[in-house]
Amino acid sequence: MIITSAEFRCSSQKLSQVPDDGLRDYAFIGRSNVGKSSLINRLTGRKLAKVSGTPGKTRLINHFLINKSWYLVDLPGYGYARTSKSLKEQFAQIIVDYVKGCQKMYFLFVLVDSRLEPQRIDLEFMEMLGVEGIPFGIIFTKTDKMGVNKLASNVAAYKRRLLESWEELPPMFTTSSETGAGCESVLDFIEQCQNQTN
Ligand SMILES: Nc1nc2c(ncn2[C@@H]2O[C@H](COP(=O)(O)OP(=O)(O)OP(=O)(O)O)[C@@H](O)[C@H]2O)c(=O)[nH]1
Ligand SMILES: [Mg+2]
């Protein structure tokens with residue numbers, strides 16, 4: 001898919017403020033600092049989303065209108081809290097409301113750092129998505145930070161871990177916002193979704 005236009009549409013503090021125009025949302029979620037905003041910028045080839053080396057940069061639900069026909073949605077990260085907090089408390093209400101309640105969210109990309117072994121918070125989050133029947137895929141980020149062999153073995157280990165509790169694996173992508181690797185696959189996937197009528 002070629003992106004011909006990408007523009008910031010709005011930042012929402014709560015679900016009721018999300019654009020209500022029937023256009024589909026493709027949203028990006030994951031732990032703080034995993035690279036959600038960077039990937040949105042790389043996919044669009046524009047500096048749309050705010051990026052920072054300090055976790056917790058994105059605090060609102062940000063809608064970017066793509067090709068005047070669908071949205072990329074940048075969400076706040078989760079898991080950025082003192083360890084004394086329970087897992088549940090590490091998910092801002094805004095995220096839970098959006099993910100569970102947004103009718104126009106068509107697909108959710110869960111971003112995980114390709115360098116790390118499966119993290120409990122991500123696995124629990126995906127578990128919740130499964131229970132709620134929310135369609136999602138996994139994007140392994142920051143692949144430029146390691147060699148191809150290490151990446152392949154990390155992804156294989158992740159799949160093995162998922163297959164302990166899932167019958168089927170979700171769609172998976174490996175990306176780098178630094179080099180642009182894997183971005184085309186993500187856009188092609190969205191294009192296929194856009195070609196589906198429901
Ligand atoms: N090397 C490398 N660095 C990356 C990549 N993606 C993101 N980063 C860096 O990781 C840091 C966090 O990136 P963000 O895109 O702001 O992460 P985020 O997930 O949006 O973070 P929050 O909004 O805080 O939840 C920044 O310093 C980025 O430059 C990547 O693919 N490769
Ligand atoms: Mg961000």
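## The sheet

Seven strands form an open sheet in the order 1-3-4-2-5-6-7, and their pairing is mixed. Strands are DSSP runs of E with at least two residues, helices are runs of H or I with at least four, and both are numbered from the N terminus. Two strands count as paired if DSSP finds at least two bridges between them. Strand 1 (6-12) and strand 7 (172-174) are at the edges with a single partner strand each, so one side of each has no neighbour in the sheet. From one strand to the next the twist averages 25°; axes are lines fitted to C-alpha atoms, for helices over the stretch in contact, and angles between N-to-C directions run from 0 to 180 degrees.

Strand 5 (residues 105-113) pairs with strand 6 (residues 136-141) in the parallel sense, over six bridges. L108 stands opposite F136 in strand 6.

## Source and numbering

The model is predicted: local features need pLDDT of at least 70, side-chain atom pairs count only at pLDDT 80 or more, and totals for chains, interfaces and linings use all residues. Residues are numbered from 1 along each chain as its sequence is written, while chains are lettered from A and ligands numbered from 1 in the order in which they are written.

## A glycine in strand 6

G137 lies in strand 6. G137 has 17 C-beta neighbours inside 10 Å and counts as partly exposed. The C-alpha atoms of G137 and M172 are separated by 5.7 Å, although the two residues are 35 apart along the chain.

## Helix 4

Helix 4 (residues 148-162) has 15 residues. From its first C-alpha to its last it reaches 21 Å, close to the 21 Å expected at 1.5 Å a residue; the expected span is 1.5 Å times one less than the number of residues. L151, N154 and Y158 are buried in this helix. These residues cover an arc of only 65° around the axis, which puts them on the same side of helix 4; the arc is that of the directions from the helix axis to the C-beta atoms. An α-helix has 3.6 residues a turn, so residues three or four places apart point the same way.

The face turned away from the buried side carries exposed residues, including V148, N149, A152 and R160. On the buried side, Y158 has 21 other C-beta atoms within 10 Å. Y158 and E117 are 41 residues apart in sequence, and their C-alpha atoms are 7.0 Å apart in space.

## Two lysines with positive phi

Most residues other than glycine have a negative phi. K68 has a phi near 55°, a positive value. K68 lies in the loop between strand 3 (61-66) and strand 4 (70-74), and is exposed, with 10 other C-beta atoms within 10 Å.

K142 has a positive phi too, near 60°. K142 is in the loop between strand 6 and helix 4 and counts as buried, with 23 C-beta neighbours inside 10 Å.

## Around ligand 1

Ligand 1 is surrounded by 23 residues, of which G35, S37, S38, T58 and G77 are the closest. A residue is near a molecule or strand if its C-beta atom, placed from the backbone, lies within 6 Å of it. Helix 1 (residues 36-44) gives the largest share of this shell, three residues.

By class, the shell has four nonpolar, 13 polar and six charged residues. Ala, Val, Leu, Ile, Met, Phe, Trp, Tyr, Cys and Pro count as nonpolar, Asp, Glu, Lys and Arg as charged, and the others, Gly among them, as polar.

Notes
Buried ≥ 20, exposed ≤ 12 C-beta atoms within 10 Å, placed from the backbone.
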